[in-house]
Amino acid sequence: MIDKQIEFIKQPRLMILSILDKFTMEQLNTIPAGFNNNIAWNLGHMLAAQYGIFYKRAGLEIDESFYQLYKPDSKPEGQITQAQLDEIKSMLITSLDKLEEDYANQIFTNYPTWTTRYGASISNIDEAIAFLPFHEGLHIGYIMAMRKLV
């Protein structure tokens, strides 16, 4: 079942990355009127949320400097570079392979119960994996709205 859940996360990511291939770095870094972040930040946030929801919550080590740039309630601290964007785009896919491997290796044994800002109670890694597509759907929606404004 994990492979199907990973697929439900991966396919929308591939779709949005394909749509954004036509955009310039200036467009991806533009913060449209009425928004407090940009397309590039939303991509980084999707990855940071995955790390936070799965690994950080389970008490596992993550790249804290990356997480701090894109964690909830953060904002872009400047222009993202092409190299940074390329890394995020790659990690949006490769991190799912790592998640699947880590799940198979049962490293998420110390997962605490917590409640999301949307009121959903999550008690284990399976529930966290089920929640992630909802969260990513919100940010893909923001990206889809922003792409018309940049």
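**Briefing: fold and aromatic core residues**

Phenylalanine 66 and tyrosine 70 lie four residues apart in helix α4 (residues 64–70), so about one helical turn separates them. The model is predicted. Both phenylalanine 66 and tyrosine 70 are buried, and the two residues belong to one aromatic cluster.

**Aromatic residues**
- Seven aromatic pairs are found in a search of the whole structure.
- The ring centres of phenylalanine 66 and tyrosine 70 are 4.9 Å apart with the planes at 45°, so this pair is tilted.
- The cluster that holds Phe66 and Tyr70 also includes Tyr51, Tyr55 and Phe108.

**Secondary structure and overall form**
- The protein chain contains six helices and two strands.
- Along the sequence, these elements of the protein chain are arranged as α-α-α-α-α-β-β-α.
- The protein chain has a radius of gyration of 15 Å, close to the 15 Å given by the globule rule for 150 residues, so the chain is as compact as a globular protein of that length.
- Along the principal axes, the C-alpha atoms of the protein chain occupy a box of roughly 40 × 25 × 25 Å.

**Burial, contacts and surface**
- Buried residues make up 43% of the 150 residues of the protein chain.
- Among contacts in the protein chain with a separation of 6 or more, 70% are between residues 24 or more positions apart.

**Charge**
- The protein chain carries 13 positive and 18 negative side chains.
- The centres of these two sets of side chains are 8 Å apart.

Methods: Residues numbered from 1 in each chain as written. Predicted model: local features only at pLDDT ≥ 70, side-chain atom pairs only at ≥ 80, totals over all residues. Heavy atoms only, no water. Rg over C-alpha atoms; globule rule 2.2 N^0.38 Å. Buried < 20%, exposed > 50% of the residue type's maximum accessible area, 1.4 Å probe, protein only. Contact = heavy atoms within 4.5 Å. Lys, Arg positive; Asp, Glu negative; His and termini not counted. Charge placed at Lys NZ, Arg CZ, Asp CG, Glu CD. Phe/Tyr/Trp six-rings, centres within 6.5 Å; stacked < 30°, edge-to-face > 60°.
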